[in-house]
Amino acid sequence: MIGLTHYLVVAAVLFVLGLLTVVSRRNTIAILMGVELMLNAGSLNFVAFNRFAPGFPSAFDGQIFSLFIIVLAAAEAAVALAIIFAFYKINRTVDADAANSLMH
Amino acid sequence: MEHGTTATVAQTAGYLLFIPLLPLIGALLLGANAYFGNRLPKILVSLVGCGTILLSLCLAINVFVDLQGLPESERVLEDSLYTWIKAGDDVQLTDGTLVKGGTFSVDVGFLADPLSSVMMLVVCGVGFLIHVYSTGYMAHDPGYSRFFCYLNLFTFAMLLLVMGNNIFVLFVGWEGVGFCSYALISFWYKEMPNAWAGMKAFVVNRIGDFGFIIGFMLLFWSLGSQGVWTMNFRELAANAHLLAGMQWGGINVVTLIALFMFVGASGKSAQIPLYVWLPDAMAGPTPVSALIHAATMVTAGVYMIGRMNFLYSMSPFALSVVATVGVCTALFAATIGLAQNDIKKVLAYSTVSQLGYMFLAMGVGAFSAGIFHLMTHAFFKGLLFLGAGSVIHAMSNEQDMRKMGGLWKMIPWTYGTFLVATIAICGIWPFAGFFSKDEILWKAWESGHHLHWLLGFIAAGLTAFYMVRLMSLTFWGKNRSTEEQKQHLHESPWNMIAPLVILAVLAFGGGWLGVPEALGGNNRFHHWLAPVMGGHGEAHVTALPADDTDGHHDAAAAENAHNAEAEAHPAPAPHAEEVQAGGHGSHTVERMFALASVALALFAAVFGYWIHVRRRDIAEKAASFLGGIPHRLLLNKYYVDEIYNSAVVQNLLRTTRLMSNFDKYIVDGIVNGMAVLTRATATINGFIDKLFVDGAVNLVGNAIIAGGNRIRRLQTGQIQQYLYVLGAGVTIIVIVGLFIL
Amino acid sequence: MSSPADLLFYLFAAITIASAAVVALGRNILHSVFFLLVAFTGVAGLFVLLHADFLAAVQVIVYVGGILVLILFAVMMTRKVRTPEVSNEAVGLWRGLLLGATALVLLVRLILNSSWFGGRPVAGVPGPELTTVDGLGQSLLGGYLFPFEVASVVLLAALVAAAVLVRKEARGLDESAD
């Protein structure tokens, strides 16, 4: 019988893979993809909690939260990609290494 | 709340909300107007700016009337807007209903009791007059709408401060007025000194605020540890007795709380050692100095201590600190005021000095006397500043008194009102300052603080002296202004004169609200504040009787307080028996003290007039007395700014630079040096022992170089790496939390 | 023995995790993008198994249809099309793996050691006739109306922000930086 923990473990693996992508990729677009993976992991957690919570067949709060996560992810992707474009225009690259002006 | 005593039931009054709300709406409108390029006509801006305050004033008067209609012990109105913070476990009430998350809740709620009604009237009343005055003073300023936006925002924040029914709302207002003060001091931000002055005010205030935060958090936790989680003033007052006897590190918790809160008060109300920002704050427009840095904001600390009087009454030590700091500030600032040449600077130091009096009142337990002085001070100091603004306006922005003189003929209205305010601040009967200042000094003596009384008495003489010096240099004597200034010399328009006249009436008559019994009055102000301040508005410096903490102050409680007061200072006062005997004898003494104050003030005033108008050579000689050192010392404000700068600010900057250099030279240097050193060793060794250890040495050298490069990359400026370190840090914390702790 | 639904779970979980692994470790960024698509679809499948039919549809439409296309565009526009090596190199992969492994161990440990919902039995399995659209709609226009409106404002703000960020004037910045 598949239970809550199964889904949570899948979400945890997904989250860790997203984290790995975010910290190890050089390409900013790849980093953005990692962020999307992490968001999806959170979303999956919410839906799983919603499914296995006591009030399930009638309460949908977890799913609502997931819905909001998707909305915000869309907004975030749009803004992040716009930033990446602006960054690309200035630096002619999308490598995160180039974004080191904090050092100076 | 198993141990908690619930406060008396308060009536609700829904309209309380609108008192702070109206100025906020005005601020938003004017802010939008300023942001979108001042589209509205100026007259509309003035109408919105002043009108909202006027409406608030009407509501505040309504509150006052409503309160007066209630019996004395029930004079509390509350208006809770919504629950702001709710935390804690569910509570099962006695009637069986379950309150979810109910142990601790903070409302955005407003409270109108006698104390806050007085403050509301002062803020709205003086605020309205200053708004009207500003329509004249700022008429030609391009930032007209922005100015009124800030002014309205300030009024909103100040009303929040005085009306909040819990510490959090008070604190929001507290920070709000701090911000508005910053914005208004730096109003003409294009000139660097103004921007610096604003920053100084903000930073110094932050230091005080930090103490304040620690204070109320400490109060919150220590009351919470007794089972009462609340921030509401009335509940705090009802449960403060639970704190008695609590110790923290060998010190009474109450004392700690009171002292930390006093740090906040001394920052906001410009007391030693945090007063340095107030004189610099004169960089702002003069109406701002009048409203914020004389009449309202700087008195927030006094109000806060008045509000927390139940706490301070429990800690004689904290009270004595407050009194001592207050009276020292009063004397110290008064001496600086003697030598300043900038008209606004004199008034600024005078404000610091007068605030010192209010704290002296708080410190000797005469809370209502302090609030009384706060009110009269708002009248006459507001008037003085507005008058100074009128003078500056007439003199084409000249602030140096040495270039004025003989102005009384040219600007008679300003002169007349200014004269009234000067007499009031000097404390000459029957003007407002006499009643309030004298009550404080009398209370200081009566409660056995004889040294405090003496210092305050001297400061009163100095006050009269420097105020008459100001009058002499500005209005009397010969005119020393340039021809060009003389040509432009003109009386201000009616919208600046009218507030002056009204304030002059208040500065004259405001004191009659609190005529002490010794002078044939019945001190109505005192009785008005009695429900908030306990007993007769005085601290029972002895431990609070347990049954006297529920907010009811009937005749028995008042008598109780009276006895406690008599017990508190039995020996030092020679007339203690007279106090107990019923007070007739002490009235004689009080009258004598009043007479002495007036005599001193008159003497100082006449003396000041004589040496500054008749015999200017004496004043000049006095300036060069002892090689001019005392005069220079005063003129440069005892070099306190310079001392702070070299002792605190420079050291702070030096430490910062040291840290940065440490990082740059030592840390980087060690890393680089290690690599270089090892490489050099490796090279030499390579020559000597190429065959055997070449590989190993190179390995070590390279490893250290690589290590050095790695360590240097700690600061790469790459967000990704920072993110990695962040993630690693979180992981480590979780590991520590889960497996080690 | 496992029921068909359980098998489906393992199938979707495997698809999701495997393609997410390719996203994280793949050498070619185009591969990463396409496997991200597969991973999102896998999550959508898991949503279906969790009785979140509407959410699965939204996931497919918004993520697969919207965000991914956007990312694909971004990849294409920031690379010269002719260069075949659309590389996606990793920096500090090993320390990333170390962090990931540690975090994973911690998370799984936490998940397995917690008693979710007080260990109460799972609610009964509803039949296939259960649809969530009705309930979601009621909630969105009922108790969650305010967040819903706020989310719409956020979307609008994001739209404007994106337009502002890539507008032509940014070129001025470009020239001054060169």
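Which residues in α3(B) meet which residues in α20(B)? Here are a few friendly notes to read alongside the structure.

1. Please keep in mind that this is a predicted model. Chain B has an average pLDDT of 79, with 84% of its residues scoring at least 70. A stretch to treat separately is residues 535-583 of chain B, where pLDDT stays under 50. For that stretch the model has 87 contacts beyond four places in sequence.

2. Now to the opening question. From α3(B), the residues involved are B:Leu129, B:Ile130, B:Val132, B:Tyr133, B:Thr135, B:Gly136 and B:Tyr137. They meet B:Asn495, B:Met496, B:Ala498, B:Pro499, B:Ile502 and B:Leu503 of α20(B). Sorted by class, this contact has 10 nonpolar and 3 polar residues, and no charged ones.

3. The geometry of this helix pair comes next. Helix α3 covers residues 114-137 of chain B and helix α20 covers residues 494-509 of chain B. Their axes lie 7 Å apart, and the packing angle is about 150 degrees. Angles over 145 degrees count as roughly antiparallel, and α3(B) and α20(B) are therefore roughly antiparallel to each other. The crossing of α3(B) past α20(B) is left-handed.

Key
Residues numbered from 1 in each chain as written. Chains lettered and ligands numbered in written order. Predicted model: local features only at pLDDT ≥ 70, side-chain atom pairs only at ≥ 80, totals over all residues. Axes fitted to C-alpha atoms, helices over the stretch in contact; angles between N-to-C directions. Helix = DSSP H or I, 4+ residues; strand = E, 2+ residues; numbered from the N terminus. Parallel < 35°, antiparallel > 145°, perpendicular 65-115°, else oblique. Left-handed = near helix turned anticlockwise from the far one by under 90°. Contact = placed C-beta atoms within 7 Å. Nonpolar A, V, L, I, M, F, W, Y, C, P; charged D, E, K, R; others polar. pLDDT = per-residue confidence, 0-100.
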